[in-house]
Amino acid sequence: MDLFTLITIFVLAIFLGFELISKIPPTLHTPLMSGSNAISGITLVGAVISSGIDDTGFIQVFNMDLGLSSILGFLAVIFATINVVGGFLVTDRMDRMFKKK
Amino acid sequence: MNYEHFSTAAYIVSAVFFILGIKRMSKVKTARQGNAFAAFGMLIAVLVTLFNHKIVSYELIIAGILIGAMIGFVLATTVQMTAMPQMVALLNGFGGIASLLVSSSEFNLAHDLDSFTSITTFLGIFIGGVTFTGSLIAFGKLQGIVTEKSVMYPMQHFINLTLILVSVGLGYVMADQSGIHLLDGIIETPSHEIVIAIVVLALLLGVLLVIPIGGADMPVVISLLNSYSGIAAAMTGFVIQNSVLIITGSLVGASGIILTQIMCKSMNRSLLNVLLGGFGNAPAAKSGEKKDIIIKEVGVEEAAMLFETATSVIIVPGYGMAVAQAQHVVRELSELLQKRDITVKFAIHPVAGRMPGHMNVLLAEANVPYEILMEMDQINDEFANTDLALVIGANDVTNPAARHDKSSPIYGMPILNVDKARTVIINKRSMKPGYAGIENELYGFPNALMYFGDAKDAMSKLITEIKENS
C-alpha cells in the first residue's frame, strides 16, 4: 500500500477513535482500558511475520539456524500474545461482573 | 484471488470487528459482547497473517504463541480484582515491548528503507520502549515494589528533555542514512548502533518519566501509557505497511487519550501538570501555616447507633477500601442497611483509587449492583438531604478546601460534597494526610466524626454491632 493511503487511514482512524467512545460510563472505564489494551496487542500480526521470516545466521538453537530478526520476532510473539490473551480474558472477567441484580 | 487481496479483505473484516467491539465496550449491556467481538477480530487478523508468504517456518511462531497464551491465561485467571491496576499496567508494557521488538526486527532485515519508514521505525521503537519501562515502573508502584511517592531528582526536566532531543536526533540520523543523505560524510555511525542507542534511551526515559509521578496520579498515567501502546502499534503498522495495525493502533491511541482527559478533568489539573510530577511534595514546605483542627472520634457502638437512626446513607469509597480489600464487607454492610429500609447509595469520584473505574470494578466484584453506584455529578446534590455519609479510605476527594482555599494544591478539584450531609463518619487508619499531603479540613467540621481502624476490620465490627442491637 502506498504511503499516502496509509497516512489517510491513520488520520481517519484517530478521528474515528475519538468519535467512537466520546461517552463512557465510569463503571466501564477499567474494562474499556483493559479491552483496548488487549486490542493494542495487534502488534502480534507483525510479530508473527517477523518471527517466521526467512532469516538465518545469528544463533543455533535445537538444530535451527536462526537470524536476529526472527529471534526478535519470536520474543515479540510471546509478549504480544500475553498482552492479547491476558487482556481479553481479564476484561471478560470484569465485564461478567457487571450484571443487574 | 491472490493472498494480497485475500488478506486485505480479511484485515478489513477484522478492523470492523475491532470498531464494533470498542463501540460496544462503552455500554454496560454490550460490554462483554464488545470484548468478544474484538477478540474475534484479533483471531481473524492472526489467522490470516499465518498464510503470509513471507513466513517460511512456523516453529517459532507456534512456540511463541503457546508460551504467551499460557502465561496470559494464568495471569488473567489468577489475578485478584484488587490487583487489576498493576495487571493492566503490566500487560500494557508487554504491548509496548512487542512494538519495539517488531520494529527493530524489521529494521534489522530491511536493506533499503525509505526515510518515512525509518521515521516510523524510530517512533515504533521509541514509543514502544518508553511504554514498556514506563508501564513497568507504574506496575512496580502499584504493586508496592517501587515507592508510591513521587521521586524527584535534580535537573529532572532538563535531563528528560535532553534525552528526548537526543533520541529524536538519532531518529533523524536513521532517516538520513536511509534516504535524505544530508549528513553523509559527517556522521558515519552504522544504523545498527544507532538503533541500539535509541532503545537504551527510550527504556531509560520510560523510567525517568514515570518515577516522579505519585501513586494517586496513576489513573492518568495508566490511561496515557495505554494510549502510547496504541500509537506504538500504529507506528509498527507503518513499518510493516499493514493497515489493520494502523487502524487498530490509532483507535486505542485515541481511546486512551479520551480517558486521560477525563481523569485530568476530574482532578482539575492539566496533563502537563500531572506529567511533570512532584504533586504532593510542595505543600510540606509551607506547613508552618498549618491550622490545628480538633477532631471528634467515635467508637463502634456510637457509629452503629447513628446508622440505626438514619434513613439514607451514602457510602464514599476510596483507595483505603481497596488496600484493605474491604469491598465484600462494605457490600455486606450496604445490604444490612437496605434490609432495614435505609436507602444506600455509593458516591464514586472519578479518580478514586489507582486506575479509571477502580472502585466500580471492586464493588462489582463484591456484587454491589451498578445501579446504586453514582457518579459525582449525579449524587453531589443529594448529600444535603442525606442523614449519613460514610467515607471509607477516601481523603482528598472529600476535602472542602478544594472549593475555597486558593493556596491548597487541590484547589479547584471537583469534590464529593460529603460535608453537606447531616453527619459524616470517616473511616481511616490514622490521621495521616492523604496523597496530596495536606490536612483535610472536613475532619474538623462539627458534623464530622472519625472512626479509626483498618477498613475491613472496622466495617466488620460495625456490622456485628448493628446486628447485635436488633
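Okay, let me start with one pair of residues: B:Ile392 has B:Asn427, over in S5(B), as its bridge partner. Keep in mind that this is a predicted model.

So where does that pair sit?

Zooming out a bit, chain B has an open sheet of 6 strands, paired in parallel, and the order reads S3-S2-S1-S4-S5-S6. Which strands stand at the edges? Those are S3 (373-375) and S6 (448-452) of chain B; each has a single partner strand, so one side of each has no neighbour in the sheet. From one strand to the next, you get an average twist of 25°.

Now the helices on that sheet. Helix H11 of chain B, residues 300-309, packs on it and touches S1 (312-317), S4, S5 and S6 of chain B. The direction of H11 makes about 140° with that of S5(B). Then there's helix H13 of chain B, residues 327-339, which also packs on the sheet, touching S1, S2 (343-348) and S4 of chain B. The direction of H13 makes about 170° with that of S1(B).

Last bit, the two chains together. On the A side, 79 residues are in contact with 97 residues of chain B. Four helices of chain A each put in at least two residues: H1 (3-20), H2 (29-39), H3 (43-52) and H4 (68-97). H4(A) gives the most, with 29 residues.

Definitions and conventions
Residues are numbered from 1 along each chain as its sequence is written. Chains are lettered from A and ligands numbered from 1 in the order in which they are written. This is a predicted model: local features need pLDDT of at least 70, side-chain atom pairs count only at pLDDT 80 or more; totals for chains, interfaces and linings use all residues. Two residues are in contact if their C-beta atoms, placed from the backbone, lie within 7 Å. Two strands pair if DSSP finds at least two bridges between them. Axes are lines fitted to C-alpha atoms, for helices over the stretch in contact, and angles run from 0 to 180 degrees between N-to-C directions.
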